[in-house]
Amino acid sequence: MIKSQRINVFQYVPFLRGVLRSRLFQPVLTISTLFFFTLAIVTGLFGTPVGNRNFGIVFVWIVWWGLLIILLVPFLGRLWCAACPIPVPGEWLQRRGIINRRKGRLSTLRWKFPKRLRNMWLQNFGFLGVAIFSAIILTRPEVSAWLLLGFSLIGIILSILYENRVFCRYVCPVGGFIGLYSLMSPVEVRVQDPQVCATHTPKDCIIGNEYAYGCPWMVFPGTLERNTYCGMCMECIKACPKNNVVINLRPVGSDLMVAKERRLDEAYKAFIMLACALLYSVVLLGPWGWLKQWANMDTLPHWLAYAGVFLLANLLLLPGLFTLTALLSQRLGRIQLPLRQLVTDYAYTLVPLGLTAWIAFSFSLVFTNGSYALGVLSDPFGWGWNLFGTTESTWMPFGSALIPFLQTGILTTGMLFAVNTAYKIAGQHTPNPRQALRGMLPVTGFIMSITFAFLWLYLG
Amino acid sequence: MNRFQQLVRWTYPRWVILMGIILAIGVMTFPIPQITDPQTRYITLDARQFEFAPHRIHINKGDRVIINFTASDVVHGFYLDGYGIQARVEPGVTKQIEFSAERTGKFRYRCSVSCGSLHPFMIGELVVGPNEPFWRAIALVIIGLFTLLTYRFLTKGTSYEYPTLGASPA
């Protein structure tokens, strides 16, 4: 059944296996992004404080963000994590090399990462911690630079203490939502035949061999069923002596139906991301100046009130409303499942909705402000340079008349996908289709209300 | 069961999707008549870091709009999405902006002159009624939802295949 719904890309593009098996693949990506990352930090620290004239702001929060959420995550899942520059210095330190596989174990202090933190909670709180300062981070080059530098330093410290990519797997606030939304991606790294892995020893993909390191994400590809924790670094493709690891194309959102790995920390990530998309749309894209000032910390009491409401909405209000919805669903559908489990399961319906909400938000942000990129390309520090002759290019929103239609289309698609997912999840809880339909109705109402809220904010 | 019956059986629930698509196209293209007479609207719009006052303006399609645009603190700009109108104003000066509201919907007006940290988010809203795009979007969502639920209702006997290895009903 799996093979009938999967297309092995290597069968149709054979040279791709060679590209991904090359030890140059990841370093080429990371060295390229590291160059821009370093430039973003340096321009942030030493360039103009005017955000829309500074490379650090424009290329990180408009260009990179747009590429990430509109293209990379929906279509290629976690591929960004393979190219991400943040953990790279730490990884190079661990490996004592950049390209070739060095013999011996990783060079770390070999501490054990606490078991209770081996989940998404740190990423959830990390994201919220960044989100409440977002109006400042998105507009102040220096603050943005210190944040990026801070991420990189944390990555280095964790790489010294622990083996592998502990930072990416358990700490990175960006990695958390990329992982969750990569459940939607039509691309996956999987084994062709799990039986081959079950019987094969040693497990080269875990411990590594002369060609590759063991999985830096601490995942066993042989039993991998979801994209969430696969960083697509392709080490397993390099390591597998049986050529059993492949890249598949698959139906969008397949991972949402993997019932056995659903967890509350991931469910909360879905709540937080959806609530943040809604709140960002109100604060940053809305017309309420006083709210922007509060988020911008015009006075400390204002900001504290803003942060309090922001956190309350993320941690209590939206999850609370969703819990009531799940309770109603439990009663209507006569579903024999603990409420906590039902809330967790149904929360995955918010993954397509959240992803499309973020895309809709980003259409507005990126298309409106994207033209700043031309200017900062020629003058990254805002010092009056004109490297490519584009410094004097004027700000001009792109496709501003088209944006509402794109937002309507993407939000409607996300809503329908979410409702269909709700039906499938309800079907996993009861064999009776009529009960499943009844059970999904409250969740459908919740999803529809959220969609209406976004439509009102963007079009109403 | 002959081939024709098989075809009818296969296509039966899918007609719902086709009907939904036709209905959606109808709703998106159905002309909405103008119900108000065009007027001339005089609006005083003040820009200050990082908001416009008023932050939301309601007018109707066909209205002639005359905006007296001022700035309270620093130099600000005005750019109207969808209409492409631009202006720049310095404190103490009033700039007049005139246009006819020929397109319905919500259009954001933005500061187009870098005016401080939150400049990219300095936004106001002009709603030109009747707000067709919004109501059409709402109708689209309802039709989509109704179509999906009806389709699911009609195919409720169909067994659902779990697409991923290891997934099973809880």
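This is a predicted model: local features need pLDDT of at least 70, side-chain atom pairs count only at pLDDT 80 or more; totals for chains, interfaces and linings use all residues.
Apart from neighbours within four places in sequence, the residues in contact with Pro91(B) are Ala71(B), Asp73(B), Val74(B) and Val75(B). Arg48(B) is 43 residues away from Pro91(B) in sequence, while the C-alpha to C-alpha distance between the two is 9.5 Å.

At the level of the whole chain, the domain assignment divides chain B into domain 1 (10–29 + 134–152) and domain 2 (40–132). The C-alpha centres of these two domains of chain B are 37 Å apart.

Chain B also meets chain A, in a contact made by 51 residues from chain B and 64 residues from chain A. About 5200 Å² is buried between the two chains, with 65% of that area coming from carbon and sulfur atoms. Polar contacts across this interface link 15 residue pairs, both residues at pLDDT 80 or more. On the side of chain B that touches chain A, strand E8 (105–110), strand E9 (123–129) and helix H3 (132–154) of chain B each contribute at least two residues. H3(B) gives the most, with 13 residues. Sorted by class, that side of chain B holds 26 nonpolar, 14 polar and eleven charged residues. The number of salt bridges between chain B and chain A is zero.

Definitions and conventions. Residues are numbered from 1 along each chain as its sequence is written. Chains are lettered from A and ligands numbered from 1 in the order in which they are written. Side-chain values use heavy atoms; hydrogens and water are left out. Contact means heavy atoms within 4.5 Å. Buried area is the accessible area (1.4 Å probe) that two parts lose on being put together, summed over both. A salt bridge is a side-chain nitrogen of Lys or Arg within 4 Å of a carboxyl oxygen of Asp or Glu. A polar contact is a pair of N or O atoms within 3.5 Å; within protein, one must be able to donate a hydrogen and the other to accept it, and residues adjacent in sequence count only if both atoms are side-chain atoms. Helices (H or I, at least four residues) and strands (E, at least two) are DSSP runs, numbered from the N terminus. Ala, Val, Leu, Ile, Met, Phe, Trp, Tyr, Cys and Pro count as nonpolar, Asp, Glu, Lys and Arg as charged, and the others, Gly among them, as polar. Domain bounds come from an automatic or database domain assignment.
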